[in-house]
Amino acid sequence: MADLVTDDPQIAGIIEKETIRQEQGLNLIASENTVSPSVLAAQGSVLTNKYAEGYPSRRYYGGCEFVDQAEDLAIARAKKLFNAPYANVQPHSGSQANMAVYFALLNPGDRILAMDLSHGGHLTHGAPASFSGRLFEFAHYGLTRDTQTIDMDQVATLAETFKPRLIVAGASAYPRIINFQKFADIAASVHALFMVDMAHIAGLVAGGVHPTPVGYADVITSTTHKTLRGPRGGLILGSDDLAAKINSQIFPGIQGGPLMHVIAAKAVAFHEALQPGFARYQQQVVENASVLARGLMNRGYKLVSNGTDNHMVLMDLTDRGLSGKEAEERLGRAGITVNKNTVPNETKGTFVTSGIRIGVPLVTSRGMKPDAVQQIAELICDVLDDAAAVEQVAPAVKDLCRRYPLYSGENA
Ligand SMILES: Cc1ncc(COP(=O)(O)O)c(C=O)c1O
């Protein structure tokens, strides 16, 4: 950083400001986390200088003997962590992991059944604005009206009538456990392939607090930077018989040179996730989320599905006269960062929305336990109840953040 300050004070200043923002704010974005200093060190290393198109021992460039070792380690650790026969650690992102799998298993125009975006699915699960919606034909399932959990009857009916070649389970905004066995049974009954996108819950799966899709899904995609607490990137797991097809769709199919510094950082994160402390961290994440859910509901707020089993809650503000956008902005003024989110049967559109998504992985990494999370629930409700409360809540947020520095808790 010392050199950067001299060489490029503008960027150094921006990094400094972002560091302070992260340090002094309560970050409750469900898809974010804070990586360890070791992950940061690997990602900021000279491995970024290296071109390594291809795969270990089969590269298109010389000088790959050390980056090969890093990628081999990342692959071995990912396989061990998730008990999977095959891993590809090269996807630059979760979206590219999904793209590579679609391209490996399907032809353009083929049918895919996935979760509706407004019910919690991801853009790459068939949104018209995404490559997925442009290149493949999607049908979407959603949540039941009463329990607001995945409507497995609808999944079965759509599987029968739509006859997809691929069924996708996995979500960006779904607070409940996903029953992979049921999805796999439905996929088998219509001879469809089954993919799980575990981007959000990969850390929970690794920590044993969410059932694993391994053994049920033909192929599994993930990000490495959410609950898994690694560098920003993607991951694909599966059986050995899909390895050649998927590898060739990542490179040369949709990517060029792999990001070797990020792959090394993924290896570090997988190593961390293999330590016993990681399962304890994930248990704490789930406990903290349920404390948050109870705290919000005790103050009269409505949550999608009435609670949570995982790392996030979805507040439905429909009957509060407050949009998700207004809630996000108001909480932001108090130093609490969340994101607006659609709720099932959304009426306000994706830029306004009727809900907010709140996650605890990052504050749990800062070492926060139920007492601190209970306080967070109260602070959120104070601000949502009354905009004037921002004045009192903002200093309380700063104080809480001072007590739990970004690099103390899990990341000490
Ligand atoms: C379920 C799911 N899949 C895929 C992605 C895409 O990941 P990325 O942003 O790395 O492309 C996300 C990211 O939010 C996600 O939630």
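Start by selecting Asn345, which lies in the loop between β14 (339–341) and β15 (355–359). You are looking at a predicted model, so take each stop on this tour as a feature of that prediction. Asn345 has a positive phi of about 60°, although it is not a glycine. Most residues other than glycine have a negative phi. Is Asn345 buried or exposed, or something in between? With a relative accessible area of 41%, Asn345 is partly exposed.

Next, select Arg229, in the loop between β9 (219–223) and β10 (234–238). Here too a residue other than glycine has a positive phi, with a value near 60°.

Now go to the ligand. How many residues surround the ligand? There are 13, and the closest are Gly94, Ser95, Ser172, Asp197 and Lys226. Show the side chain of Ser95 and find its N or O atom that sits 2.7 Å from an oxygen atom of the ligand. Then turn to Gly94, where a polar backbone atom is 2.9 Å from a ligand oxygen. Finish with Lys226: an N or O atom in its side chain is 3.2 Å from an oxygen atom of the ligand. On its own the ligand has 390 Å² of accessible area, and the protein covers 84% of it.

For a surface stop, select Ile11, Ile14 and Ile15. Together they form a nonpolar patch with about 240 Å² of accessible area. Ile15 lies in helix α2 (residues 9–24), and its relative accessibility of 36% makes it partly exposed.

Then move to helix α10 (residues 243–254), where you will find Pro252. Look at the peptide bond leading from Phe251 to Pro252: it is cis, with omega near 10°. Most peptide bonds are trans.

From Phe251, draw a distance to the last stop, Gln283. The two residues are 32 apart along the chain, and their C-alpha atoms are separated by 36 Å. Gln283 has its place in helix α12 (residues 276–298). Its relative accessible area is 44%, so Gln283 is partly exposed.

Terms used:
Residues numbered from 1 in each chain as written. Predicted model: local features only at pLDDT ≥ 70, side-chain atom pairs only at ≥ 80, totals over all residues. Heavy atoms only, no water. Near = heavy atom within 4 Å. Polar contact = N/O pair within 3.5 Å; in protein donor to acceptor, adjacent residues only side chain to side chain. Areas by Shrake-Rupley, 256 points an atom, 1.4 Å probe, with all protein chains shown as cover. Patch = residues over 30% accessible without salt bridge, like charges linked within 9 Å, V, L, I, M, F, W, Y side chains within 5 Å. Salt bridge = Lys/Arg side-chain N within 4 Å of Asp/Glu carboxyl O. Helix = DSSP H or I, 4+ residues; strand = E, 2+ residues; numbered from the N terminus. Buried < 20%, exposed > 50% of the residue type's maximum accessible area, 1.4 Å probe, protein only.
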